[in-house]
Amino acid sequence: MTVAEKVTLVEVGPRDGLQYEQGFFPTPRKIELVDLLSQSGLKRIEVTSFVHPKAVPQLADAGEVLRGISKKPGVTYSALVPNLAGCRAALETPVDELALFVSASETHNRKNVNRSVAESLAGLAQVARQAKAAGRRLRGYIITAFGCPYEGRIAKDKLRAILEAYAAMGVDEAALGDTTGMANPRQAAQLAAWLSQGGWPLDLAFHFHDSRGLGLANVLASYEAGIRIFDCSVGGVGGCPTAIGASGNVDTLDMVNLFEEMGVSTGLEFEILRRAAALVAEVLQTRLPSRTFGQGRPRW
Ligand code: ZN
C-alpha cells in the first residue's frame, strides 16, 4: 500500500503579494479576498503585516482586516511582525500566528531593518516571548536564505545559527525565503537535503519568488528532496518594479496544477482559488503572472 502524497501550501499573497503592489487595495476587498481563500481549503493564510505604515502603506489596515475576516475553524491566520510594537498591535487582533523575519545576510539585514543579524535575533526573542505567552503560533522567516544581492551565496553556518536561535525561542516553523529569486533547483534540493539531516525541532517551509522563472522548478526540486510546506501567492502577484530583484511568489494556481497533476494532493479547490485570483486582477487592474489562471487545468 502506498501512502498518498500530500503537500501544504501557505498562501502569502494578501501580505507578500499586496505589499509590493502599487496603490491601495481597499480594506473590504482584502477581507473578501482572505475569506475566499479560506473557502478554498487553504489551512494557512498570511493575511497582513504590522510593519510600520510608513514603510508599507499598502497594509496600514492590518488590524481592520484581521478583525473583519470571517475566521474559518482549522485555518491558521498569520501576520508579519517586525518588532515589539508590531507584536503588541497584532496581539490585539484575533490573529493565530505571528511571523518574524531576519535576513541570513548581514548586509541585507542592515539595509532592511538597520540592525545586525544578532541585534535582530535578540529583538525577535522578546517578540517570541510575548507571542507565546499570548498563545500564538510562531513562524520565523529567514530571508535571502538562498542568496543575497549584496553578499551572494549564504554559508550554511549562517542558516544554522538562525535556525538554532529560532528553535531556542520556540518558533514552530522556519520559512526559508528566496527573497530576490536567486535560487536554482539543484541548490534548493541540496539545501532541502541538508535541512532534513539536521533533525530540527521545527517545521521547515520554502518560500520562492519567481523573479527569474525558476520558481516552480525550485518547488519541484525541493519537494523531491523532502520539503512539504511551500509558500505561494494567489495569481502570482507582488513584485515592485523599483526594488531590485523583487518579484511575486510562485503562483498558487500554478503550484496546485503542478502538484495535483503529479498526483500529490494539495486539498485545495481550484475554482475557488481562481475566483480569488480574478478578484485580485480586478482590483489591481492588472494581468496576473499566473499561467494556469488563463489556461485553466488540463482536461483529461
Ligand atoms: Zn517573499
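Phe 101 stands opposite Tyr 141 in strand β5, in a predicted model whose local features require pLDDT of at least 70, whose side-chain atom pairs count only at pLDDT 80 or more, and whose totals for chains, interfaces and linings use all residues. Residues are numbered from 1 along each chain as its sequence is written, and side-chain values use heavy atoms, with hydrogens and water left out.

Strands (E, at least two residues) and helices (H or I, at least four) are DSSP runs numbered from the N terminus. Strand β4 and strand β5 (residues 137-143) run parallel and are joined by seven bridges, where pairing requires that DSSP find at least two bridges between two strands. Strand β3 (residues 76-80) is likewise parallel to β4, through three bridges, and Leu 80 has Ala 99 of β4 as its bridge partner. Together with helix α4 (residues 84-91), β3 and β4 form a right-handed β-α-β unit, that is, with the strands pointing away from the viewer, the path from the first strand over the helix to the second runs clockwise.

Because seven of the seven residues of β4 (residues 97-103) are buried, this strand is largely enclosed by the rest of the structure; buried denotes under 20% relative accessible area, computed with a 1.4 Å probe on protein chains only. In a regular strand, side chains alternate between the two faces of the sheet. Both faces of β4 are covered, with Glu 97, Ala 99, Phe 101 and Ser 103 buried on one side and Leu 98, Leu 100 and Val 102 buried on the other.

Note on methods
Buried means under 20% relative accessible area, exposed over 50%, partly exposed in between (1.4 Å probe, protein chains only).
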